[in-house]
Amino acid sequence: MPVENLDRNVKNETEMKENLLKALNSGDDKEMAAAFTAFADNIQQNIISEAKRAMNEDLTDRQVMATRGLQPLTQDEVKYYNEVIDGQGFDGVEKLIPPTVIDRVFDYLTQSHELLKYIQFENTTGVTQWIVKKGDIPTAWWGKLSAAIKELLDDGFEKIQTDLYKLSAFLPVAKAMLALGPVWLDKYVRTVLAESMAIGLEDAVIKGTGKEQPIGMVKDLAGAVVDGVYPDKAAVAIADLSPKTLGKEIMAKLSKNGKRTVKEALLIVNPLDYWEKIFPETTYLTQSGTYVSGVLPIPAKVIQSVSVAQGKMVAGIGEDYFLGVGSSQKIEYSDEYRFLEDERVYISKHFANGRPKDNASFLVFDITGIGVPTP
C-alpha cells in the first residue's frame with residue numbers, strides 16, 4: 001500500500017477519535033451513537049483491508065499472528081465466533097462473549113493505556129459492589145477492640161456501586177467482515193471495545209461530572225453539587241517546575257501532612273501544554289552533546305491527555321483513583337440507531353463507576369505562567 005494511504009488512515013483514525021471525544025462531551029445520545037459507529041466502521045474497514053493483504057500469510061504461525069495483532073483462539077472463542085458468522089451477525093446468538101475475550105480487552109487497556117495503567121483500574125464484570133479504603137482512617141489497631149474503635153474501623157471503608165453508569169460501544173458488522181473468519185472477527189471486536197472504552201474511560205477519569213458517569217480527578221468532592229454535577233476544583237497557579245515549587249505544592253500536599261510516603265506522582269497535562277511548557281522545562285543538553293528529556297526534581301510520571309484542559313495540570317497518586325468497569329458480555333442488535341445502509345449495527349454495554357478516594361487525592365494547577373519570562 002502506498003505511504004500516502006497509510007498516512008491518510010492515521011489521520012482518519014485521529015480525526016475519528018477527536019469526533020468521538022467531542023460527541024461524548026456533547027451529551028447528545030444520537031451524536032454519540034453516530035460517532036461511535038463511524039469510529040468502529042473505520043476500524044472495521046482497516047481490518048478488512050489488512051486481512052486482504054495478509055491472504056498469503058500463514059496465520060497459524062504464532063509469530064505471524066502476533067505481528068498482525070491476532071490471537072490464537074480457545075475452543076469456546078472459535079465456537080462463539082462461528083455462531084456469529086453462521087447467523088450472519090450477533091443477533092440471535094444467545095451465548096455470552098467468552099470471558100477470555102473480555103479479559104484480553106482489559107489486559108490491553110492496562111498495559112497499553114498510560115493513565116489506566118497507573119490508577120486502581122478493576123475488571124468488575126459480575127461484581128456490583130467494590131469495597132475501597134477511605135482517606136486516612138486507620139484500618140488496623142493495637143489494643144482492645146472497643147465499640148468506638150470498631151465504629152472507626154467500619155468507617156474506614158466504603159462500598160462503590162460499579163453497575164450504576166453505562167458506557168456503550170457500537171459495532172457495525174459488514175458481511176465482508178464476517179467472511180474473514182473467527183480470528184479476524186475477534187481482532188475487530190477486541191479493538192473496538194478496547195479503543196472506544198479507553199477514550200470514554202479516560203475522559204471520565206479526568207473530568208467526569210458525577211452525573212450518570214464517574215467523578216473525575218478535577219472535581220471538588222466537597223463542593224456544591226448541582227443537578228448531580230460536581231464543580232471543578234480551583235486551580236493553583238505555579239510559574240515553574242523547580243524543586244521548591246514541586247516539593248511544596250505537589251509532594252508535600254500529596255503526603256497528607258506527612259501521613260504517607262509519596263513514591264511517585266502523576267502529572268497529567270494536555271498534549272499542547274506538554275510540548276510548549278513541560279517538555280522545554282524538562283529537557284537538557286548533556287556534556288556529551290546529547291539531549292535528555294523528562295528530567296524532574298521529583299519522582300513523577302508525566303502523562304499527556306486531551307481530556308485535560310489547556311493551561312491546567314492534574315497531579316496525584318494514581319492508586320488514589322478507583323475505576324471499576326464491567327461488561328454485559330452480550331452484543332445485541334441496535335434497532336434504535338441505524339446509520340449505515342449495508343451493515344447491521346450492534347451495541348455492547350459496559351458498566352462503570354469511579355471516583356477519587358478523597359478530595360485531597362488530586363490537585364489541579366494553572367500552568368499558563370510556566371515558561372513565561374518574568375518582566
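These legends accompany close-up views of a predicted model.

**View 1. The whole chain, for orientation.**
The protein chain has 375 residues, of which 44% count as buried. Its secondary structure comes to 11 helices and 13 strands. Take the contacts with a sequence separation of 6 or more: 73% of them join residues 24 or more positions apart. Salt bridges in the model number 12.

**View 2. Helix H2 packs against helix H9.**
H2 covers residues 29-53 and H9 covers residues 182-207. Their axes lie 10 Å apart, at an angle of about 145°. The crossing of the two helices is right-handed. H2 makes the contact with Phe36, Phe39, Ala40, Ile43, Gln44, Ile47, Glu50 and Ala51. H9 answers with Trp184, Lys187, Tyr188, Thr191, Val192, Glu195, Ser196 and Ile199. Sorted by class, the contact holds 10 nonpolar, 3 polar and 3 charged residues.

**View 3. A salt-bridge network takes in Glu50, Arg68 and Lys187.**
Salt bridges link Glu50, Arg68 and Lys187 in a network.

**View 4. Lys17 meets Glu195.**
The side chains of Lys17 and Glu195 form a salt bridge, at 3.6 Å from N to O. Lys17 sits in helix H1 (residues 3-26) and Glu195 in helix H9, so the bridge ties together parts 178 residues apart in sequence. Glu195 counts as buried because its relative accessibility is 15%, under the 20% limit.

**View 5. Lys256 pairs with Asp358.**
The closest N and O atoms of this salt bridge are 2.5 Å apart. The pair links distant parts of the chain, 102 residues apart. Lys256 belongs to the loop between helix H10 (243-254) and strand S6 (265-269). Asp358 belongs to the loop between strand S12 (344-356) and strand S13 (362-366). Both partners are buried. For Lys256, the relative accessible area is 10%. The backbone of Lys256 also deserves a look: phi is positive, about 55°, although the residue is not a glycine.

**View 6. Arg260 pairs with Asp320.**
Here the closest N and O atoms of the salt bridge are 2.8 Å apart. Arg260 lies in the loop between H10 and S6. Asp320 lies in the loop between strand S10 (312-316) and strand S11 (321-333). The partners are 60 residues apart, and the pair links distant parts of the chain. Arg260 is partly exposed, with a relative accessible area of 25%. Asp320 counts as buried, at 9% relative accessibility.

**View 7. Helix H11 has a buried side.**
H11 runs over residues 271-281. Its buried residues are Asp273, Tyr274, Lys277 and Ile278. They span an arc of only 125° around the axis, so they fall on the same side of H11. The cover over these buried residues includes S6, strand S9 (300-304) and S10. Trp275 and Glu276 are exposed, on the face turned away from the buried side.

**View 8. Glu212 has a positive phi.**
Glu212 is a residue other than glycine, yet its phi is positive, near 60°. The residue is placed in the loop between H9 and strand S5 (236-237). Its relative accessibility is 65%, so Glu212 counts as exposed.

In sequence, Glu94 and Lys330 are 236 residues apart. In space, their C-alpha atoms are 8.1 Å apart. Glu94 occupies the loop between helix H4 (75-86) and helix H5 (99-112). Glu94 counts as exposed because its relative accessibility is 59%, over the 50% limit.

How values were computed. Residues are numbered from 1 along each chain as its sequence is written. This is a predicted model: local features need pLDDT of at least 70, side-chain atom pairs count only at pLDDT 80 or more; totals for chains, interfaces and linings use all residues. Side-chain values use heavy atoms; hydrogens and water are left out. Helices (H or I, at least four residues) and strands (E, at least two) are DSSP runs, numbered from the N terminus. Buried means under 20% relative accessible area, exposed over 50%, partly exposed in between (1.4 Å probe, protein chains only). Axes are lines fitted to C-alpha atoms, for helices over the stretch in contact, and angles run from 0 to 180 degrees between N-to-C directions. A crossing is left-handed if the near helix is turned anticlockwise from the far one by less than a right angle, and right-handed if clockwise. Contact means heavy atoms within 4.5 Å. Ala, Val, Leu, Ile, Met, Phe, Trp, Tyr, Cys and Pro count as nonpolar, Asp, Glu, Lys and Arg as charged, and the others, Gly among them, as polar. A salt bridge is a side-chain nitrogen of Lys or Arg within 4 Å of a carboxyl oxygen of Asp or Glu. The arc is that of the directions from the helix axis to the C-beta atoms.
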